[in-house]
Amino acid sequence: MVLRTSPPSRAHLRLLAPADSAPPPRRRDRYGEIVDRRLAAILAAEDVAEEHGLSAHVRTTCYVHRCWVHQCISDPMHIVIVTGHRWCRRCDRTVVVEVDETAPGSVELSCDGCGVPPDTAANREVLLACRTSLSAMHGGEASTLYVVPDA
Ligand SMILES: [Zn+2]
Ligand SMILES: [Zn+2]
């Protein structure tokens, strides 16, 4: 005769709501509904690259607006006064970004206040990000869009 121990109580499982047992949404689905799968892939790759040291300011895609960065750079969210991105410190006003998407595309920064191109490190990053984004959108041949720092 074999003595059986009673099975461990599973009563506590009933305390869980159905939502608790559902697996958390997987991060790679964040861009699941984006039709342009190449854009979606670069968005996801840049999210990971950022965790490994890529500056958010030189990304070619936008985490918030889920598009190429030159397409949303005119959004007020891309004005960062603290760092000086899209900001003219000479005039304390917004820097205007003019984008022409027609291949090969062009990006120009200007300030309506001083009329001088705002040539600061931060605004050079804005320019670089938008130009890289434009060439990436047009199917840029470069295998490396930018360099992720080692540190
Ligand atoms: Zn954006
Ligand atoms: Zn200015």
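This is a predicted model: local features need pLDDT of at least 70, side-chain atom pairs count only at pLDDT 80 or more; totals for chains, interfaces and linings use all residues.
Helix H4 buries Asn-123, Val-126, Ala-129, Cys-130, Thr-132, Ser-133, Leu-134, Ala-136 and Met-137. H4 has 17 residues, which at 1.5 Å a residue should span 24 Å. Its end C-alpha atoms are 24 Å apart, so the two values agree. After H4 comes Gly-139, with a positive phi near 75 degrees.

Now step back to the whole chain. The chain holds 4 helices and 4 strands. Read from the N terminus, their order is α-α-α-β-β-β-β-α. The chain has 151 residues, and 21% of them count as buried. Take the contacts between residues at least 6 apart in sequence: 47% of these join residues at least 24 apart.

Next, the core. In soluble globular proteins, nonpolar side chains tend to be buried together. Here the largest nonpolar core has 18 residues. Val-69, Val-126, Ala-129 and Cys-130 touch the most other members. H2, E1, E4 and H4 each supply at least two residues of this core. H4 gives the most, with 6 residues.

Which residues does Ala-129 contact, leaving aside its neighbours within four places in sequence? They are His-57, Val-58, Arg-59, Thr-60 and Val-69. Val-69 and Ala-129 are also both among the core residues that touch the most other members.

Turn to H2, residues 37-51. This helix has 15 residues. From its first C-alpha to its last it reaches 22 Å, close to the 21 Å expected at 1.5 Å a residue. Ile-42, Leu-43 and Glu-46 are buried in H2. Seen down the helix axis, the buried residues of H2 fall within an arc of 105 degrees, so they line one face. The general geometry is simple. An α-helix has 3.6 residues a turn, so residues three or four places apart point the same way. What do the buried residues of H2 pack against? Their partner is helix H4, residues 121-137. The other side of H2 has Arg-37, Val-48 and Glu-51, which are exposed. Gly-53 follows H2, and its phi is positive, near 120 degrees.

Between H2 and helix H3 (69-72) runs a loop that contains Arg-66. Arg-66 is not a glycine, yet its phi is positive, about 55 degrees. Is Arg-66 exposed, buried or partly exposed? A residue needs 20 or more other C-beta atoms within 10 Å to count as buried, and 12 or fewer to count as exposed. Arg-66 has 16 C-beta neighbours inside 10 Å, so it counts as partly exposed.

Asp-92 sits in the loop between strand E1 (87-88) and strand E2 (93-94). Its phi is positive too, near 55 degrees, in a residue other than glycine. Asp-92 is exposed, because 9 other C-beta atoms lie within 10 Å.

Strand E3 covers residues 96-100 and strand E4 covers residues 106-110. The two run antiparallel, and 5 bridges join them. Glu-98 stands opposite Glu-108 in E4. The hairpin has 5 residues between its strands. Ala-103 and Pro-104 are joined by a cis peptide bond, with omega about 0 degrees. Pro-104 lies in the loop between E3 and E4.

One loop remains on the way back to H4. Val-116 lies between E4 and H4. Is Val-116 buried or exposed? With 11 other C-beta atoms within 10 Å, Val-116 is exposed. Val-116 and Arg-90 are 26 residues apart along the chain. Their C-alpha atoms are separated by 9.7 Å.

Notes: Residues are numbered from 1 along each chain as its sequence is written. Chains are lettered from A and ligands numbered from 1 in the order in which they are written. Two strands pair if DSSP finds at least two bridges between them. The expected span of a helix is 1.5 Å times one less than its number of residues. The arc is that of the directions from the helix axis to the C-beta atoms. Two residues are in contact if their C-beta atoms, placed from the backbone, lie within 7 Å. A nonpolar core is a set of buried Ala, Val, Leu, Ile, Met, Phe, Trp, Tyr and Cys residues joined through C-beta atoms within 7 Å.
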